[in-house]
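Take a look at the model below.

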Amino acid sequence: MLPPLYPPTGPSTGPQSRRVPPNKPAGMPLPAFQIRKPLARRANLWLTQAAFLLPLLLWCAISYLPFVWHPKVDILDPGSVDYFQKGMQVDRSEFREENAKQAAAGGHPATGTRANPVYLPAPHLVAKALFTAFRTPPLRDGEPWLHQSLGHSIRIIVLGFLLSALFGVPLGILCGTFALVSRLSEPFVDFIRYMPAPVFGALSVAILGIDDAPKVAIIFIGTFFQMVLVLANTTRSLPAALLEAAQTLGARRRQLLLNVVVPGVLPLLYRDMRILLGWAWTYLIVAELIGASSGISFFIYQQAKYRNYDNVYAAIIIIGLIGLGTDMALKGLGRLFFPWEKADT
Amino acid sequence: MGDTLALPDYRDLSPDLVKRFQAIGARETILEIEHLRKDFTGRNGDGAGMPPVLGDVSFQVKRREFICVIGASGCGKSTMLRILGGLEPRTGGEVRMNGHSVSGPGADRGMVFQEYTLFPWLTVKKNVMFGPKMAGQGKDASEAEALQWLDMVGLSERANAYPHQLSGGMKQRVAIARALANYPAILLMDEPFGALDAQTRCQMQKHLLQIWKNVDITVLFVTHDLDEAIFLADRIVVLGARPGRILEIIQVPVDRPRHQGQLLSPHFLAVKNRLEQLIHPEETPDPEEMKDLPLVRMTQVGDEAEP
């Protein structure tokens with residue numbers, strides 16, 4: 001009888017190789033840290049929540065655990081320190097020195113509790129401010145309520161951004177399509193793009209007056225020039241093969257532009273516009289401080305002046321929520337508008 | 001190859017095929033290519049002095065013929081197809097389509113490319129409707145047209161899917177339907193199945209032959225796959241490189257209708273043998289690719305993979 005072709009073998013006694021043993025894949029210690037691999041849906045949800053919870057926890061720790069930071073002391077009883085007053089906030093080192101002096105001189109030591117600086121209110125104060133923000137009347141007559149300030153800001157942004165899109169979208173698409181338009185406009189646009197929009201503040205007030213017009217103009221200047229360049233580049237990213245295919249199907253120039261270039265880049269342009277809308281909020285803060293101050297940034301400055309830092313944070317958070325909300329709404333609408341786009345955009 | 005098999009002469013045609021080629025020869029010529037030349041001159045003239053991409057290419061295509069163009073890489077076969085499609089200008093010679101000189105892309109020459117060129121924003125049906133709509137047909141007419149062509153390529157059930165929901169083979173079938181919906185006189189295909197896996201590729205070749213049989217269409221098919229060329233073509237135009245030129249035009253001696261079993265038939269192998277000789281002659285291999293690997297040993301004696 002012939003011996004079996006593959007005799008049973010024990011552990012390999014063959015030549016030792018330097019290969020990694022099969023059960024220990026090299027360089028992959030945890031399933032969570034795999035290079036460029038997506039996570040499970042549940043894990044994604046958890047992480048999204050953690051992305052907000054972790055900073056909140058940090059803020060709570062700093063606010064409610066005195067040993068974490070609390071560099072100041074709120075004076076309860078000034079004792080014999082002549083310049084301390086009840087409710088005054090002083091540095092801890094200063095508080096210690098003064099009390100040491102009093103102890104040496106035999107006077108009453110001051111008492112107080114450790115506290116964070118006024119500019120860092122605790123989460124519950126900000127939360128309370130958030131809840132009451134829209135019901136708290138302004139401190140002085142004639143000053144706008146928070147919702148009025150916000151409404152004004154949103155109007156400026158929408159006007160400026162729409163105006164910018166009205167000219168920027170067609171020009172960007174044309175730049176990305178025709179070399180002539182691109183050569184003629186892009187160098188100049190690029191030149192202006194490097195000038196910070198706020199430098200046009202004084203000029204726009206001189207030209208457009210002190211009301212809303214110069215503010216809209218700043219938003220326009222801040223977004224228009226970026227928009228043209230970004231959209232032109234996006235338009236150029238349309239694969240040439242699609243244009244060639246359309247040509248062999250009989251499409252003429254006008255048809256190529258309207259039936260291939262525009263629908264072909266539309267989802268990408270939409271994504272660009274979402275990012276640019278974020279820029280508009282940045283320029284808003286500048287825009288609202290020129291001419292007659294107004295809107296949410298004016299509200300924030302006023303509240304900071306009155307040292308109502310809880311209101312300041314509340315207003316900042318509201319801006320963030322509006323931004324996040326708009327972006328998520330636009331993202332959802334995008335899925336509706338462009339069903340052929342894969343989910344990852 | 002060929003050292004153990006006695007193969008027939010690749011020029012031997014069966015009486016049926018002789019009749020077929022005579023019939024084809026008697027048909028009207030739809031595409032004439034005369035002394036076609038293409039030089040590539042870069043922007044700084046850095047192409048000057050290089051041999052032209054296409055030197056002097058002339059041949060004619062008869063109506064409803066199936067022609068494959070084959071050649072080693074760099075022989076200019078894709079460039080030639082793009083010139084015929086009007087996507088690239090020629091630097092010399094003449095290309096006439098139904099007697100008219102070609103000066104740009106047009107709906108009379110449908111093209112199917114290797115990369116997927118379906119419009120991602122249009123459903124399958126609307127992709128096929130694209131040509132008729134560009135030609136000014138109404139929505140209903142072009143929709144009816146599109147559904148008919150989707151039926152032809154067996155994809156009417158996917159009419160409302162978007163291209164990204166289709167497999168590679170399906171995408172190319174839609175691309176073929178889209179090109180045919182314009183009633184082009186010729187279909188120019190640039191390695192359309194090059195990105196597909198072997199099995200799908202085989203299936204697609206069968207589909208294409210079936211479509212060609214049922215539609216009044218002439219096909220010019222560029223490929224670098226010898227089997228594909230022989231399986232599909234009536235005639236194979238073999239191009240050589242630097243400068244791109246015609247080495248030979250082979251009348252394929254394999255009977256129609258074609259089937260997979262013929263891939264190992266003597267006539268099939270005879271043509272393949274001839275194509276190998278033409279495309280990979282002894283002296284051409286790139287010397288860098290042909291060097292033997294250095295003899296570095298990383299296993300132990302007694303652990304041989306082959307004797």
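Is A:Phe338 buried or exposed? A:Phe338 is buried, with a relative accessible area of 9%. Buried means under 20% relative accessible area, exposed over 50%, and partly exposed in between, with a 1.4 Å probe and protein chains only.

This is a predicted model, in which local features need pLDDT of at least 70, side-chain atom pairs count only at pLDDT 80 or more, and totals for chains, interfaces and linings use all residues. Residues are numbered from 1 along each chain as its sequence is written, chains are lettered from A and ligands numbered from 1 in the order in which they are written, and side-chain values use heavy atoms, with hydrogens and water left out.

**Aromatic pairs**

The whole structure holds 17 aromatic pairs over all chains. Rings of Phe, Tyr and Trp (its six-membered ring) pair if their centres lie within 6.5 Å; planes under 30 degrees apart count as stacked, over 60 as edge-to-face and the rest as tilted. Two pairs are listed here.

| Pair | Centre to centre | Angle between planes | Class |
|---|---|---|---|
| A:Phe338 and A:Trp340 | 5.6 Å | 75° | edge-to-face |
| B:Phe119 and B:Phe130 | 4.6 Å | 50° | tilted |

A:Trp340 is also buried, at 12% relative accessibility. A:Phe338 and A:Trp340 belong to one aromatic cluster with A:Tyr270, A:Phe337 and B:Tyr162.

B:Phe119 and B:Phe130 are both buried. The charged end of B:Arg178 sits over the ring of B:Phe119, 4.7 Å from its centre. Such a charge is NZ of Lys or CZ of Arg within 6 Å of the ring centre and within 35 degrees of the ring normal.

**Nonpolar cores**

A nonpolar core is a set of buried Ala, Val, Leu, Ile, Met, Phe, Trp, Tyr and Cys residues joined through side-chain atoms within 4.5 Å. The largest has 61 residues; A:Val260, A:Ile296, B:Phe119 and B:Phe130 touch the most other members. H9(A) gives the most to this core, with 15 residues. Apart from it lies another core of 54 residues, including B:Leu187 and B:Phe193.

**The sheet in chain A**

Three strands form an open antiparallel sheet in the order E2-E1-E3. Helices (H or I, at least four residues) and strands (E, at least two) are DSSP runs, numbered from the N terminus. The edge strands are E2 (89–91) and E3 (111–115) of chain A. A:Asp74 stands opposite A:Gln89 in E2(A).

Note on methods. Two strands pair if DSSP finds at least two bridges between them.
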